[in-house]
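Let's look at how the labels in this model follow from their cut-offs.

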Amino acid sequence: NVLNKGMELNLGWREKRGDFFYSFNVLGTTVHNEVLELGATSPSDSIIYAGALSNGQRVTATTVGSSIGYFLGYRVQGVFQNQDDLDEYPSLYGQKIGDLIYEDVVDDGVINEKDKVNIGSPIPDLIYGFSATLGYKMFSVSMDFQGQFGSEIYNGKNQTRFSLYNFEGRVSLVNSSQKIK
């Protein structure tokens, strides 16, 4: 069971003056999405995982009390500044100075799947639009604009690449230096 609620507002103005006519419309919609019940028969059924990347990592989940398909990930607490930070905080295998420090949510001294939490929703808070029409006799020109804000985006490319930064530039440099036989 899912609760979807919100409010929609649509305002418009239309006018004709002789052979000229014009109209303007503004639309705004708020969205609230919340899972009320999953129909779980056991504790293991109380979460639905989805949204797998090419490396098999699941990045979305659905649980009661959250939006459908929220992003599942580690909560960032800072950046490893030096070796003392690496020694003090739990880390993922291979992390080094300059990498992100993730919160040990379970507080067991290990960063693993149990430490992943809701880090955002792909569902927008507001969807909006604007349209205008200008005309003369039988000819008219119309414009439509639309957008949204309040939704998060999960950049899956950063999770599946072997190098996080300037991937395309590095590949082209490696390929340009190789000889073709």
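Q: What makes L11 a strand residue?
A: L11 lies in strand β2, which covers residues 8–17. Strands here are DSSP runs of E with at least two residues, while helices are runs of H or I with at least four, both numbered from the N terminus. Because residues 8–17 form such a run, L11 counts as part of a strand. A word on the source: this is a predicted model, in which local features need pLDDT of at least 70, side-chain atom pairs count only at pLDDT 80 or more, and totals for chains, interfaces and linings use all residues. Residues are numbered from 1 along each chain as its sequence is written, and side-chain values use heavy atoms, with hydrogens and water left out.

Q: Which residues does L11 contact, leaving aside its neighbours within four places in sequence?
A: They are F24, N25 and V26, where contact means heavy atoms within 4.5 Å. L11 and F130 are 119 residues apart in sequence, with 9.6 Å between their C-alpha atoms.

Q: How do you know that β2 and β3 pair?
A: Two strands pair if DSSP finds at least two bridges between them. β2 and β3 have ten bridges, in the antiparallel sense, so they meet that rule.

Q: What makes L9, L11, W13, F24, V26, F130, L134, M143 and F145 a nonpolar patch?
A: Nonpolar side chains (Val, Leu, Ile, Met, Phe, Trp, Tyr) are joined within 5 Å, and like charges within 9 Å. The nine named residues form such a patch on the surface, with about 900 Å² of accessible area together; areas come from the Shrake-Rupley method with a 1.4 Å probe, and for residues only the protein chains shown count as cover. Two or more residues come from each of β2, β3 (20–30), β11 (126–136) and β12 (139–149). β2 gives the most, with three.

Q: Why is F145 called partly exposed?
A: Buried means under 20% relative accessible area, exposed means over 50%, and partly exposed is in between (1.4 Å probe, protein chains only). F145, in strand β12, has 49%, so it is partly exposed.

Q: What makes β2 hardly covered?
A: Among the ten residues of β2, the count of buried residues is one. Across the protein, buried residues make up 24% of the 181 residues.

Q: What makes β5 and β10 edge strands?
A: The open sheet has four strands in the order β5-β6-β7-β10, with antiparallel pairing. β5 (48–52) and β10 each pair on one side only, which is what an edge strand does here. β5 pairs with β6 (residues 58–62) over four bridges, and A52 has R58 as its bridge partner in β6.

Key: Patch = residues over 30% accessible without salt bridge, like charges linked within 9 Å, V, L, I, M, F, W, Y side chains within 5 Å. Salt bridge = Lys/Arg side-chain N within 4 Å of Asp/Glu carboxyl O.
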